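Reader: I am new to this structure and would like to learn how to read it, one feature at a time. Could you take me through it slowly?

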Amino acid sequence: MLNANDTLFGQNGVSALFHHASEGSFMPRNRLIAVREYARTLCLAAIVSVASAGATTAHAQVPPPPSLPGQSDLGTKLANALLRKDAVAYAGLLADDLQVYEEGRRVASSKREWMASFGKKLVAPGVQFKMVSGYSSTGRLLFIEYFSSLASWGRTPPPDCCWSYDAVAYDVADGKITKIQRLRGGDAKLSDKDMRNGQ
């Protein structure tokens, strides 16, 4: 016979019921079926629990570190300054000791030096700047920038004129842009179809 602790859903219920059944003790058929179904449910629940725990661990991602204070606002101001061709606003975002690199080669060692060349390009009639996409990580802004000077040439632009998509990284510290790294991306933007892994 079962003792008081060996209830159907008690701590020892399942093992005790199977033990008494295996010894030939009498057990109603409907109760034996219930015990077997209960044991099966426990097994399935255990399997699902283990699988879920493994999936949660495998897909858990550490959140990225936060941006620096004011970094997002700086990115917005930068995009607006380029779009509006506002050299004064653009220069106000740069640190005095700014370092600028193009294709890995340093082209400017101060804000004054960089604005002497890029500032003229920024405000030139017919020159267009546009941010295609932007990204942010701690201390860095990354933009895909579109530049076109085609309109500045009127009806007879030179053969190799005059647009590009560039990847530009802006390092940020103390609310200012301290370093700019520019990589020329190309003259044509890939279509969405080209970006679908050949599908």
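This is a predicted model: local features need pLDDT of at least 70, side-chain atom pairs count only at pLDDT 80 or more; totals for chains, interfaces and linings use all residues.

Reader: How many helices and strands does the protein have, and in what order do the elements run?

Author: The protein has 5 helices and 6 strands, and from the N terminus on they follow the order α-α-α-α-β-β-α-β-β-β-β.

Reader: Why does Tyr 170 count as buried?

Author: A residue is called buried when its relative accessible area is under 20%. Tyr 170 has a relative accessible area of 1%, so it is buried. Beyond its neighbours within four places in sequence, Tyr 170 is in contact with several residues, including Leu 78, Leu 82, Phe 143, Ile 177 and Arg 182.

Reader: What kind of aromatic pair do Phe 143 and Tyr 170 form?

Author: Ring pairs are described by the angle between their planes, and over 60 degrees they count as edge-to-face. The structure holds 6 aromatic pairs. One of them, between Phe 129 and Phe 147, is tilted, with 5.3 Å centre to centre and 45 degrees between the planes; both Phe 129 and Phe 147 are buried. Phe 143 and Tyr 170 form an edge-to-face pair, at 6.0 Å centre to centre and 70 degrees between the planes. This pair links distant parts of the chain, since Phe 143 is in strand S4 and Tyr 170 in strand S5, 27 residues apart.

Reader: Which residues do ring pairs link into a cluster?

Author: The cluster consists of Tyr 90, Trp 114, Phe 118, Phe 129 and Phe 147. A charge can also be placed against a ring: the charged end of Lys 121 sits over the ring of Phe 147, 4.0 Å from its centre.

Reader: Which side chain does a polar contact join to that of Asp 171?

Author: The side chain of Asp 171 is joined to that of Arg 140 by a polar contact of 2.7 Å. Asp 171 is in strand S5, and because its relative accessibility is 16%, it counts as buried.

Terms used. Residues are numbered from 1 along each chain as its sequence is written. Side-chain values use heavy atoms; hydrogens and water are left out. Helices (H or I, at least four residues) and strands (E, at least two) are DSSP runs, numbered from the N terminus. Contact means heavy atoms within 4.5 Å. Buried means under 20% relative accessible area, exposed over 50%, partly exposed in between (1.4 Å probe, protein chains only). A polar contact is a pair of N or O atoms within 3.5 Å; within protein, one must be able to donate a hydrogen and the other to accept it, and residues adjacent in sequence count only if both atoms are side-chain atoms. Rings of Phe, Tyr and Trp (its six-membered ring) pair if their centres lie within 6.5 Å; planes under 30 degrees apart count as stacked, over 60 as edge-to-face and the rest as tilted. A charge sits over a ring if NZ of Lys or CZ of Arg is within 6 Å of the ring centre and within 35 degrees of the ring normal.
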